[in-house]
Amino acid sequence: MILEVNDIEKSFGGIKALDGVSVSIENNTISGLIGPNGSGKTTLLNTVSGFLAPDKGTVYFGGKDITSLPPFQVSRLGMTRTFQITRLFRGMTVLESMLLASKTQDDGLFPVFFNRKKLMETERRDVQKAVEILDFLEIEHMKHEYAVALSGGQQKLLSLGMALMADPRMVLLDEPVAGVNPTLANKIFEKVMLEKEKRTFLVVEHNIDILMNFCDIIYVMNKGRIVASGTPDEVQRNETVIDVYLGG
Ligand SMILES: Nc1ncnc2c1ncn2[C@@H]1O[C@H](COP(=O)(O)OP(=O)(O)OP(=O)(O)O)[C@@H](O)[C@H]1O
Ligand SMILES: [Mg+2]
């Protein structure tokens, strides 16, 4: 197991956003997380990636206890995430955004500022890597455009690309295809599928059909709890899921 979440709880005032959530994820798989609005999906990603500390429970990543570690330490251990609302910087090109993503995820870079030659070498490698990823995502031709000028779907691809810059072992994706047309949405999931050899994915998504096509395991949340999990086939036949999520 690359990720083990054990009995996590998280409350906001009186709202129990996570009420005893446990999840075990195997290496080189794609896991889907579905559930109605407000069921706790984003809160789960936030507690796993260090953006929120859980009130109770533990998170193990690659066998290491990462409960309550800050995001930069979690990302240094090889886990990156994307956000439900794509955050791109104004005035920055696609390529610059990719380069920034690699820098912010690698604070070990600081010492190279004292060594110009090494810095230039690092930059050259980062640019090459960024271009390769953009090419893989089929937005390489947009590399000198402003990031905010991309279409919604292309912005989603860019945020996936930014997440890949650190070469993470695990990627958490929060609604990577929300608002994207079905053709591009499928393409984004096909890209994720191609990366499965190298990494593990946990994907929050409302579109159950797309999860059924691409996930190995699906977790279903409702009111802060996992109410069902299993293969797409198992989940599709689960009575609780049909009642709670598929609307009877
Ligand atoms: N920072 C916060 N402060 C207060 N309440 C919060 C906070 N974050 C989430 N909540 C509450 O926790 C519950 C779970 O929210 P969360 O964002 O995790 O749901 P979600 O499953 O991601 O929903 P959606 O599908 O709409 O994105 C909701 O009731 C929400 O209002
Ligand atoms: Mg959410």
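The following legends describe close-up views of a predicted model.

View 1. The protein is divided into domain 1, comprising residues 1-78 + 169-248, and domain 2, comprising residues 87-167. A distance of 26 Å separates the C-alpha centres of domain 1 and domain 2. Eleven residues of domain 1 are in contact with eleven residues of domain 2. On the side of domain 1 that touches domain 2, the elements giving two or more residues are helix 2 (71-76) and helix 6 (182-195). Helix 6 gives the most to this side, with three residues. By class, the residues on this side of domain 1 are seven nonpolar, three polar and one charged.

**View 2. The shell around ligand 1.** The residues around ligand 1 include Phe-12, Ile-15 and Ala-17, together with Gly-35 and Asn-37. Also among them are Gly-38, Ser-39, Gly-40, Lys-41, Thr-42 and Thr-43, as well as Gln-84. Strand 2 (15-25) and helix 1 (41-48) are the elements that give two or more residues to this shell. Of the elements, helix 1 gives the most, with three residues. The shell around ligand 1 has eight polar residues, three nonpolar residues and one charged residue.

View 3. Helix 5 covers residues 152-164, a run of 13 residues. At 1.5 Å a residue, helix 5 should span 18 Å, and its end C-alpha atoms are 19 Å apart, which agrees. Ten of the 13 residues are buried, so helix 5 is largely enclosed by the rest of the structure. The buried residues of helix 5 include Gln-155, Lys-156, Leu-157, Leu-158 and Ser-159. Leu-160, Gly-161, Met-162, Ala-163 and Leu-164 are also among the buried residues of this helix. A residue is taken as buried here if 20 or more other C-beta atoms lie within 10 Å of its own.

**View 4. The hairpin of strand 9 and strand 10.** Strand 9 (residues 217-222) pairs with strand 10 (residues 225-230) in the antiparallel sense, over five bridges. Within this pairing, Tyr-219 stands opposite Ser-229 in strand 10. The hairpin has two residues between the strands. In this hairpin, Lys-223 takes a positive phi near 50°.

Key
Residues are numbered from 1 along each chain as its sequence is written. Chains are lettered from A and ligands numbered from 1 in the order in which they are written. This is a predicted model: local features need pLDDT of at least 70, side-chain atom pairs count only at pLDDT 80 or more; totals for chains, interfaces and linings use all residues. Helices (H or I, at least four residues) and strands (E, at least two) are DSSP runs, numbered from the N terminus. The expected span of a helix is 1.5 Å times one less than its number of residues. A residue is buried if 20 or more other C-beta atoms lie within 10 Å of its own, exposed if 12 or fewer, and partly exposed in between; C-beta atoms are placed from the backbone. Two strands pair if DSSP finds at least two bridges between them. Domain bounds come from an automatic or database domain assignment. Two residues are in contact if their C-beta atoms, placed from the backbone, lie within 7 Å. Ala, Val, Leu, Ile, Met, Phe, Trp, Tyr, Cys and Pro count as nonpolar, Asp, Glu, Lys and Arg as charged, and the others, Gly among them, as polar. A residue is near a molecule or strand if its C-beta atom, placed from the backbone, lies within 6 Å of it.
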